[in-house]
Amino acid sequence: MNPLYFGTSEEPLFGVYHPPHAEIGREVGVLLCYPMGQEYMRAHRAFRQFALLLSRAGFHVMRFDYFGTGDSAGDGSEATVERWVEDIACAIDELKDSAGVERVAVVGLRLGGTLAAVACGNRDDVDQLVLWDPILSGKQYVAELMREHAGEVFAEPTAADPEKETATVGVMGFPITRRIRRALWGLELAGVSLRGGLQTLIVVSAESERHRSLVETFGNSGVDASFLCVASEGNWNEVDDFGSALIPQAIIRAIVNYLSEKTGQ
Amino acid sequence: VKEQAIQFGKSAMLSGILADPTAEEVDDGRPAFILLNSGILHRVGSCRLHVRLARALSRQGFTSLRFDFSGMGDSETRRDNLSFEDACRSEVREAMDFVASARGARHFVLLGLCSGADMAHLAAAEDDRVAGLMFIDPWAYRTRRYWFTHYAQRVFKADVWKNWARIRVRRMLGEISARRPAQSTESVTYDVPKYVREFPSRETVARDLAGFMRRDIRMLVVFTAGMVDHYNHASQYRRSFPEVDFSDRLQVEFLPTSDHIITNLAHQEFVVRRVAEWAATVPVRTSPRSTTPQDTAATAALR
């Protein structure tokens, strides 16, 4: 495991590169894209374990913190969705450089999945895209965060409208600017363009017709899409008084198996 | 930002971020800060508080290391059988050794929230290099005034009665169950060290604190409402240890509207500003206060 900073010297991004298990060695890199906010906190240890399993399966693995998150440069109030998408592209290039590989798979959890689709849906060096419990609608996601923050079960989603609330708001400890909310407001996963032939797995921890229907939506554009439900407990967005980790091993193993099969070894 | 990803450690490879000062004038005698995990949250701290603290301290001319204890964040799990507390004490010492070796620091301020504060306390008790302690929600002990404040607040607070009535009406209407159903953790693995927070006796903590004061350790303590079952007014910390002569070495802040993990952005801002202000008041020391034997150099060099 090699922790490192990459990107520009003014605004470096923090990442961890996990080299493959020497005996298996695949010529494929896997980039892991974290979710945001409290979900990132809860997922951190799971991503480490996930990366270790992938490296044992022979993959070169990289996980990284977006600008304004984790150990990367910047404050959360300076971050933008556009910048996060650029960061994913930058991390793919860094993984290819560090590992000396040409082919890459990208896995993203929750908002990380949706951003990964935007960032690499049309890259010709990305062969597999795994969307793990991805955010389908940015608008609903923002509303969900705002509801959690307010602690009001019946809060109106429109309270999250970036045109009505213009200030930066703290959502469960993390700043969400109006610019971020605006960008998310118009983000629909079903509307993201993915290149034909891209092997895409939508994997969810609870059965969801809306997620399942993405297979058809993407399939209509020639995407090689599939769906998998691995029933798992846990709410990524839950916040308790002390912080907690969630490590859903079955779903992690399912993704490792999918990538192992698709990369042919 | 002048930050470097590092790995160090004897019994397990520990990961951290070493942040160097960005201030133009840096005094060699200034202490370096060691930021400790809060519960099982990784080194960025609750709501990324440690990252913001480290960067504010850098601007003030301080070096800091935020790292993960073994089995947390990016650090490996230990293979020996040390208890969580013993492992943490050993790893805080290794972290200080590392910063001493890499940056020449001779004195340290240990900073932590909740279990991080507990570990900072334990580590400070056995290492004379510690010159300062910054605790958020450390062990606290109730006083008579605590109980008076506790009941007075409840009796005179309209919200308490409103809330009581609202909950009962909703229960009658069947909107909420009397008890929150326990969450299943069957398929969830908490692959992290076990730490059950138990408060030592007040006398034990008082004895340590008296020792800290004799060693001229400076302390900043912040309490949130997350500790309301143990702490409810600003002066309680001093009052609960009447035998300790804190003099002006102790500063206490109480945030009665903050939750334990400090999710409110204004509270986060306050803590960052307050720590940076306080850091400037920790006296510069030119040499160690004693010659307590320490483990020599850190085991790993900078990457």
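Visitor: Which elements make the right-handed β-α-β unit in chain B?
Guide: Strand β5(B), residues 108-113, helix α3(B), residues 115-125, and strand β6(B) make it. Right-handed means that, with the strands pointing away from you, the path from the first strand over the helix to the second runs clockwise. Helices (H or I, at least four residues) and strands (E, at least two) are DSSP runs, numbered from the N terminus. This is a predicted model: local features need pLDDT of at least 70, side-chain atom pairs count only at pLDDT 80 or more, and totals for chains, interfaces and linings use all residues. Residues are numbered from 1 along each chain, chains are lettered from A and ligands numbered from 1 as written, and side-chain values use heavy atoms, without hydrogens and water.

Visitor: How many bridges join β5(B) to β6(B)?
Guide: There are 6, and the strands run parallel. Strands pair if DSSP finds at least two bridges between them. L110(B) has L133(B) as its partner in β6(B).

Visitor: And which way does β6(B) pair with β7(B), parallel or antiparallel?
Guide: Parallel, over 5 bridges; β7(B) is residues 218-224. There, I136(B) partners V222(B).

Visitor: Is β6(B) mostly covered or uncovered?
Guide: Mostly covered: 7 of its 7 residues, 130-136, are buried. Buried means under 20% relative accessible area, exposed over 50%, partly exposed in between (1.4 Å probe, protein chains only).

Visitor: New topic. Which residues are buried in α5(A)?
Guide: I180(A), R181(A) and L184(A), within residues 178-185. They cover an arc of only 95° around the axis, so they sit on the same side of α5(A). That arc uses the directions from the helix axis to the C-beta atoms.
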